[in-house]
Amino acid sequence: MSNFFKPKDFKDFKDAPAPVQLPDGSYEPVLNDTDLKICSRRMILMDTAPYSYATQNSPACAFSAYYALRKIYGNDEDGFNAALLNQLDCVFNATPPVSGLLLGAGLALEDKGHLNGIHAENDLKVGLMGPLSGIGDVFIWILPMTILGSIAGYMAMEGSPVGILLWCALWMAILVWRQQNYVQGYKAGVSFISKLGDKLSTVTDAASILGLTVVGSLIYSSVKITTPLTFTFGDVTLGMQEGVLDAIFPNLLAVILAFVVYKLIKKGVKLNWIILGILVFSCICSAFGILA
C-alpha cells in the first residue's frame, strides 16, 4: 500500500521496539503527527464503506487505527490483537467529518495507557459520539447544504458558475481539515491526560456514567414498543399499555427488551441472530395483535 496510507518506518513485530513503561505504570507516547495523519487518510478512504447495523462504523475505526496501534504496542503482539479487537467490538457511529476528533482523543488515551486505557477510550466514544455528531450534522451537513446549496442554485439560474465553485471549495476545505482531525483530537487528549494526571480514574468513571446515560436515553427515545391488549370487565375497559404498564414504568417493554438483548450478548449470541430474532418475534406478536 502507498506510504500515503502506511508509515514509511513500519516494522514487523519481531523488529519493533518494546513499549517503554514509565514508573507510574503508564507508557511513553510514541505517535506523531505523521502517524495520526495516516489514520485520518485511512478513515477518509474507508469512511462508511463497512457500515452495518451490527457493528456500525467500528470496522472503519479499526482500519484507520491499524498502523497507529502497531506502533503503540511495538513488539507486544498480544496487546495489539486485544486493542484491535477492542476497536472492532466498540460500536461507533459519528458524523464522518468530525469523527477523527474523538477517535484521535481515544488514541491519545491508549498511547498513554495501552490496554489500561481502552475502557476509558470506549466510554469516551460512547459518551461523546452523539453530542459530537450533533455539532457535525448542524455545521457540516445541514448549514452548508442549505445556505451554499441555495446560493449555488440561485446563481446557476442566473447563469453564473460561482455558486457551485464555492460549494466545491467548501468541501475541499472540509477534506483538508479532515486530514488534521486525528492530530487535533490526539493533542486535545494528551493535554487532557497531562493536566488531570492522577485524576484520570475519576474522569474514566465520569465517562462511564455519561456513556451509560447516553445508552439509557437511546433506549427511551429510539426503542418504541407498545401493546394494544385491553382487559374488559363489564362496562370497564382497561388498556394494558396505558392503564397498567405506563403506570408501573413508562416504556417498560423497551427496557425489558434491552435487558434481554444485553443478556444474550453477554452469553455470546451473535448480533445478527439477535436482530433476526427480534424481527421474527415482532412479526408474530404483531400478527396476533400482541404488540402494536
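Guide: Buried means under 20% relative accessible area, exposed over 50%, and partly exposed in between (1.4 Å probe, protein chains only). The model here is predicted: local features need pLDDT of at least 70, side-chain atom pairs count only at pLDDT 80 or more, and totals for chains, interfaces and linings use all residues. Residues are numbered from 1 along each chain as its sequence is written, and side-chain values use heavy atoms, with hydrogens and water left out.

Visitor: Why is C61 called buried?
Guide: Its relative accessible area is 2%. The cut-off is under 20%, so C61 is buried.

Visitor: What makes C283 exposed?
Guide: C283 has a relative accessible area of 54%. The limit is over 50%, so C283 counts as exposed.

Visitor: How do you know how many disulfides the structure holds?
Guide: A disulfide is a pair of cysteine sulfur atoms within 2.5 Å. The structure holds zero. Take C61: the closest cysteine sulfur, in C90, is 7.9 Å away, so the pair is too far for a bond. C283 is in no disulfide either; the nearest cysteine sulfur, that of C285, lies 9.6 Å off.

Visitor: What makes α1 roughly antiparallel to α2?
Guide: Their crossing angle. Angles under 35 degrees count as roughly parallel, over 145 as roughly antiparallel, 65 to 115 as roughly perpendicular and the rest as oblique. The axes of helix α1 (residues 33-46) and helix α2 (residues 58-73) come within 8 Å and cross at roughly 160 degrees. That value is over 145, so α1 is roughly antiparallel to α2. The crossing is right-handed.

Visitor: Which residues of α1 and α2 meet?
Guide: From α1, they include D35, C39, R42 and M46. From α2, A60, C61, F63 and K71 are among them. By class, the contact has 11 nonpolar, one polar and three charged residues.

Visitor: Why is α5 called roughly antiparallel to α6?
Guide: α5 and helix α6 (residues 162-178) pack at about 155 degrees, with axes 7 Å apart. The angle is over 145, so the pair is roughly antiparallel. W141, P144 and L148 of α5 are among the contact residues, as are W167, W171 and W177 of α6. This contact divides into 15 nonpolar, two polar and no charged residues.

Visitor: What makes N251 buried?
Guide: N251 has 13% relative accessibility, so it falls under the 20% limit. N251 also has a positive phi, near 65 degrees, and is not a glycine. Its place is the loop between α9 (240-248) and α10 (252-266).

Visitor: How many helices and strands does the protein have?
Guide: There are 11 helices and two strands. Buried residues make up 34% of the 292 residues.

Key:
Axes fitted to C-alpha atoms, helices over the stretch in contact; angles between N-to-C directions. Helix = DSSP H or I, 4+ residues; strand = E, 2+ residues; numbered from the N terminus. Left-handed = near helix turned anticlockwise from the far one by under 90°. Contact = heavy atoms within 4.5 Å. Nonpolar A, V, L, I, M, F, W, Y, C, P; charged D, E, K, R; others polar.
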